Amino acid sequence: MRRMSVIALVLVVAGCGQAARPYTPQPGTAGSAPAPATATEGSARPSAGAPGVETIEVGGGKFRVDIDWPDRRDPLMTVITDWYLASRKVMVSGSDRYLKDLDLELQAVRQAYDGVRRYTEEDRRVKGVARLYDLRVTKVLDKGAQVDTCVDESKVRVVSASSGEAVSPQPSIMRAPYLQRALAHRGDDGVWRIRELFYDQEGCAR
């Protein structure tokens, strides 16, 4: 197996004290894809578990995420989609207040803080359109799970917060789709929390 690189991600607080959300597999209903659903500033939890593309706008339309849900939707997939949405809200706004409800363990919190520092403390923001696709729960054990998704940020740009102009050079990770992986752990309270986040620049086609 190729060496996965740890991606520095987004968070300051690990969402302690939330109500438990036990993992219960619930396959979605197969069939023809419905028209894309659109939500604003919400979590990636469309109703009925139907396949298709859900569009979520962030920052008043400055950033958009298209989530291509599979035919068989597993609730555990929201571990990675909710994280991605919250992290990009930070990168759009420069504020970490969107992260307080995420479920992360200490190691992921440390990764997150380091990764978002330039967007909360420096003159950096993001804008554009990102796509999450090929969502899958790759492994599930008693108290551990691996959730993967492909991320296409080729239409995303890092810009100056003050001028709105694209910075140079742009992050190389955005040039082609990459694999995002979350290793999750279920606590004694039944809540699944991200323990560690990785990315790999290989493994995803457009």
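Tutor: Helices (H or I, at least four residues) and strands (E, at least two) are DSSP runs, numbered from the N terminus. The model is predicted: local features need pLDDT of at least 70 and side-chain atom pairs pLDDT 80 or more, while totals for chains, interfaces and linings use all residues. Residues count from 1 along each chain as its sequence is written, and side-chain values use heavy atoms, with hydrogens and water left out.

Student: Which loop holds proline 169?

Tutor: The peptide bond from serine 168 to proline 169 is cis, with omega near 0 degrees. Most peptide bonds are trans. Proline 169 sits in the loop between β6 (144-159) and β7 (178-186).

Student: What is the phi of aspartate 134 near?

Tutor: Aspartate 134 belongs to strand β5 (residues 125-140). Most residues other than glycine have a negative phi. Aspartate 134 is not glycine, yet its phi is positive, near 55 degrees.

Student: Is aspartate 134 buried, partly exposed or exposed?

Tutor: Buried means under 20% relative accessible area, exposed over 50%, partly exposed in between (1.4 Å probe, protein chains only). Aspartate 134 has 42% relative accessibility, so it counts as partly exposed.

Student: How many residues apart are arginine 181 and aspartate 148?

Tutor: Their side chains form a salt bridge at 2.8 Å, N to O. Both arginine 181 and aspartate 148 are buried. The pair links distant parts of the chain, β7 for arginine 181 and β6 for aspartate 148, 33 residues apart.

Student: What is the relative accessible area of arginine 193?

Tutor: Arginine 193 meets aspartate 189 in a salt bridge, 2.9 Å from N to O. Aspartate 189 is partly exposed at 38%. Arginine 193 is buried, with a relative accessible area of 16%.

Student: How many aromatic pairs does the structure hold, and how is the tryptophan 83 and tyrosine 84 pair arranged?

Tutor: Rings of Phe, Tyr and Trp (its six-membered ring) pair if their centres lie within 6.5 Å; planes under 30 degrees apart count as stacked, over 60 as edge-to-face and the rest as tilted. The structure holds two such pairs. The rings of tryptophan 83 and tyrosine 84 have centres 6.1 Å apart and planes at 70 degrees, so the pair is edge-to-face.

Student: At which residue does α2 bend by about 40 degrees?

Tutor: The bend is the angle between axes fitted to the seven residues ending at a residue and the seven starting there. Among the buried residues of α2 are Ala112, Gly115 and Val116. The bend of about 40 degrees in α2 falls at glycine 115.

Note on methods: A salt bridge is a side-chain nitrogen of Lys or Arg within 4 Å of a carboxyl oxygen of Asp or Glu.
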